[in-house]
Amino acid sequence: MHAQVIRLESTKEKMEETNTAESVETAYPGTPETETQEPAKSAKREPNRERNRGVALRVLLPFFTFLMVLALWSFVQTKIAPELPTPSQTWEHAKEVLAHPFYDKGPNDLGIGWQLLYSLGRVVAGFGLAALVGIPLGFLMGMSINIQRAITPLVQILRPVSPLAWLPIGLLVFKAVNPSAIFVIFITCIWPMILNTATGVKAIPQDYLNVASVLKLSKLELARRILFPATLPYVVTGMRLSLGVAWMVIVAAEMLTGGIGIGFWLWDEWNNLSVPSIIVAIAIIGITGIVLDGIMGLVQMRLDYTKR
Amino acid sequence: MAQYLELQKIGITFKTARGSFRALDDINLKVEKGEFISLIGHSGCGKSTVLNIVAGLLNATEGFALLKGKEVKGPGPERAVVFQNHSLLPWLTVYENVQLAVNKVMGDKTKAERKDWIMHNLKLVHMEHASDKRPGEISGGMKQRVGIARALSMEPDVLLMDEPFGALDALTRAHLQDSVMEIQAELGNTVLMITHDVDEAVLLSDRIVMMTNGPAATIGEILDIDLPRPRERLQLAKDPHYHQLRGQVLEFLYQRQMRPAA
């Protein structure tokens with residue numbers, strides 16, 4: 001019955017799973033439903049069918065979009081820009097590149113896996129340093145109006161500046177590529193962390209503070225038992241935002257600094273005129289971005305009481 | 001002998017952007033140990049301000065509150081507050097919310113004793129079954145029960161309740177009122193409760209303090225509720241004396257203190 005709607009084999013399996021999970025009373029787990037179990041099921045069939053439709057559409061519609069992009073790509077390639085590789089050429093190239101991601105033929109010829117890990121390492125370092133500085137600073141700003149007055153103008157002026165503008169300063173001060181890139185990521189991450197943390201502290205409901213004063217909590221207890229947990233959702237949101245931007249910025253920064261890294265690799269492949277590599281790099285950067293955001297999402301689930 | 005709780009000539013003036021605002025004027029009240037007092041008045045008349053001054057969350061401009069002969073300075077657990085919107089910390093479980101208070105007030109007791117005390121207080125409000133739930137997982141009435149348990153666990157000299165049932169639906173409210181009456185009969189707490197619900201005030205209180213409208217609100221009249229305890233809401237509904245008392249409060253609120261255009 002539901003086979004009419006579903007064409008993908010994998011989706012069908014997924015549906016069967018949901019079916020059995022939902023109707024434990026009527027079917028043993030793993031046994032496909034059969035027509036003999038009719039009585040209890042007639043009422044359930046309609047909503048199940050609805051749900052299956054939902055699952056199918058969730059899988060099919062993105063797949064359709066993907067096909068559209070491929071069609072557009074092929075069209076542009078044949079009619080407008082023949083220099084572009086075809087989707088199938090790119091796919092072949094991707095398989096080559098991804099077959100040996102961690103090959104190492106000296107510092108100037110590393111596999112894409114290494115490039116990715118170097119970029120991630122810089123992002124993690126800059127992000128971590130920004131958290132160490134930005135979150136405490138945000139707390140101070142949120143708790144003291146005078147510290148807020150002192151810092152806000154500086155933050156407001158520097159926040160709209162592209163972090164890449166700091167790269168020359170980094171190179172000048174650190175006289176090396178790697179710390180400069182980390183410095184740029186640090187600058188990228190610190191503003192959202194400061195501002196979100198400060199906002200979080202200021203958004204704590206007066207009720208919670210009243211509870212604290214009735215209980216006569218000490219400053220330390222107040223910070224540990226109330227300010228910190230109440231602010232955590234804002235802090236994590238700030239971290240999630242800044243990590244997303246950091247991942248965008250590192251690609252650009254590495255294009256400028258050279259050396260190793262996914263951004264450098266992309267630019268290097270452009271110099272080699274290897275356009276399929278560039279497209280592969282774009283896909284890898286995008287997927288890595290999703291994974292990073294997913295990880296922050298999990299952290300948020302874990303730490304953010306509003307998401308539990 | 002000094003009164004158990006006494007408010008002496010309390011007045012408060014707030015400084016606002018448009019000059020100063022005289023909220024309360026010359027509030028005098030004497031409360032005996034174990035008494036249940038309700039403060040009733042139209043919204044904006046400053047009844048919550050009175051409670052906050054007794055709680056120590058606000059400082060009176062003139063006058064002071066005395067508890068057991070000592071002047072109230074700043075908040076403290078001996079004047080536990082049940083807040084209108086429960087004010088449970090959402091990242092802690094029901095148990096942990098009460099624990100925060102118990103650890104603070106009974107830090108000298110052993111861990112097992114404190115645990116027993118926490119569970120005892122949750123049982124008082126019939127919430128022991130939900131001790132591992134978080135506030136987000138329980139209903140509004142249940143949250144308020146936990147808020148009451150938290151306040152009771154501090155063994156306060158006076159229990160301050162700021163419209164404790166204001167945010168609840170009528171049926172849940174009746175349920176909680178019964179619970180509060182039971183607990184008060186058992187523990188003999190001294191209670192100061194803010195309310196705008198006439199039935200609630202008559203049902204629960206020994207005396208009802210009726211406040212005039214602001215600005216410069218003060219105590220207009222104090223009504224003794226001499227209904228015998230234990231009180232039972234269905235019995236009272238047929239009791240002419242109950243209706244007479246209720247009528248007196250209504251008359252004060254709606255004839256002598258006509259609500260200003262809201």
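1. A residue counts as buried when its relative accessible area is under 20%. The model discussed here is predicted. A:Ser274 has a relative accessible area of 16%, so this residue is buried. A:Ser274 sits in the loop that runs between α10 and α11 of chain A. Leaving aside residues up to four places away in sequence, A:Ser274 touches A:His93 and A:Glu269.

2. The largest pocket has a volume of about 590 Å³. Its lining is made up of 17 residues, and those closest to the pocket centre are A:Phe66, A:Trp73, A:Thr90, A:Ile279 and A:Ala283. In chain A, the elements that contribute two or more residues to this lining are α2 (38-80), α3 (87-99) and α11 (275-303).

3. What is the class make-up of the lining of the largest pocket? There are 15 nonpolar residues, one polar residue and one charged residue. Domain 1 (2-84) and domain 2 (112-307) of chain A each supply at least three residues to the lining of the largest pocket.

4. The second largest pocket has a volume of about 260 Å³. Here 19 residues form the lining, with A:Tyr103, A:Asp109, A:Leu110, A:Trp265 and A:Glu269 closest to the centre. Two or more lining residues come from each of α3, α4 (112-143) and α10 (262-271) of chain A. The largest share is that of α10(A), with four residues. By class, the lining of the second largest pocket has eight nonpolar, seven polar and four charged residues. A:Glu269, one of the residues closest to the centre of this pocket, is also a contact of A:Ser274 from point 1.

5. A:Phe102 belongs to the loop between α3 and α4 of chain A and A:Trp114 to helix α4 of chain A, so the pair ties together parts 12 residues apart in sequence.

6. A:Trp166, A:Phe174 and A:Phe183 form one aromatic cluster.

Key. Residues numbered from 1 in each chain as written. Chains lettered and ligands numbered in written order. Predicted model: local features only at pLDDT ≥ 70, side-chain atom pairs only at ≥ 80, totals over all residues. Heavy atoms only, no water. 1 Å grid on protein atoms, 1.4 Å probe; cavity = no way out; pocket = protein on both sides within 12 Å on 5 of 7 lines; lining within 4 Å. Points joined across faces, edges and corners; volume = space filled by probe spheres on them. Nonpolar A, V, L, I, M, F, W, Y, C, P; charged D, E, K, R; others polar. Domains from an automatic or database assignment. Buried < 20%, exposed > 50% of the residue type's maximum accessible area, 1.4 Å probe, protein only. Contact = heavy atoms within 4.5 Å. Phe/Tyr/Trp six-rings, centres within 6.5 Å; stacked < 30°, edge-to-face > 60°.
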